[in-house]
Amino acid sequence: MGQETTNASDVRQDSTRYSVRSTLRVPGPVDRAFAVFTDRLADWWVKEYTWSGPQKLAKIGFEPGVGGMAYEIGPHGFRADWGRVLDWQPPRRLVFNWQIGPDRAPVPDPAQCSVVEARFAPQADGTTLVEVEHRDFDRHGEAAEGYREALTAGWHELLSRYAATVEGGGEDED
């Protein structure tokens with residue numbers, strides 16, 4: 001898909017019927033791990049997972065702070081908000097609504113959105129433990145279990161790319 005992954009086996013996942021928890025360690029301090037996750041989303045997010053697509057995606061990111069949006073900007077200024085920040089505690093924690101339905105349609109009602117929580121914990125060896133839990137899939141209705149299964153694979157790929165970006169250090173060029 002045009003972006004390399006490394007250490008895919010280092011992403012560990014556990015799931016229940018309506019949640020998936022992924023854990024991995026990345027090199028370096030917690031502030032760097034958080035910054036790559038939030039400020040450099042375009043460097044590791046799978047562009048095929050966007051509404052704009054890989055050729056037309058102009059920007060993807062998080063607006064910092066509670067109430068900020070997870071968004072993408074595509075051709076001609078098209079903007080799609082696909083999440084809302086519920087908790088923003090740099091560099092330790094980010095929680096946001098996942099406002100994308102199983103059919104990839106926007107879900108504007110927070111009561112019908114699943115939730116993603118990312119936690120970043122410094123380790124004694126200088127690495128950072130990253131835990132990402134995507135939960136409350138039951139809010140997506142009848143397709144919840146299948147959606148959780150699909151996003152289990154999706155998060156594995158995303159976090160493998162995230163780890164590669166953290167390991168790579170500097171800004172990646174597209």
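The model is predicted: local features need pLDDT of at least 70, side-chain atom pairs count only at pLDDT 80 or more, and totals for chains, interfaces and linings use all residues. Residues are numbered from 1 along each chain as its sequence is written, and side-chain values use heavy atoms, without hydrogens and water.

**Exercise 1.** State what the mean pLDDT of the protein chain is.

*Solution.* pLDDT is the predictor's confidence in each residue, from 0 to 100. Its mean over the protein chain is 92, and 92% of the residues reach 70 or more. Over residues 1–7, however, the pLDDT is below 50. Where pLDDT is low, the predicted coordinates should not be read in detail.

**Exercise 2.** Give the order of the strands in the sheet and find which ones stand at the edges.

*Solution.* Strands are DSSP runs of E, at least two residues, numbered from the N terminus. Two strands pair if DSSP finds at least two bridges between them. The order is β1-β2-β8-β7-β6-β5-β4-β3, an open sheet with antiparallel pairing. β1 (12–16) and β3 (59–62) each have a single partner strand, so one side of each is left without a neighbour in the sheet. Within the sheet, six bridges join β6 to β7; R93 has R119 in β7 as its bridge partner.

**Exercise 3.** Locate Q99 and decide whether it is buried or exposed.

*Solution.* Q99 is in the loop between β6 (93–98) and β7 (114–122). Buried means under 20% relative accessible area, exposed over 50%, partly exposed in between (1.4 Å probe, protein chains only). Q99 has 9% relative accessibility, so Q99 counts as buried. Beyond neighbours within four places in sequence, its contacts (heavy atoms within 4.5 Å) include M69, W82 and C113.

Methods: Helices (H or I, at least four residues) and strands (E, at least two) are DSSP runs, numbered from the N terminus.
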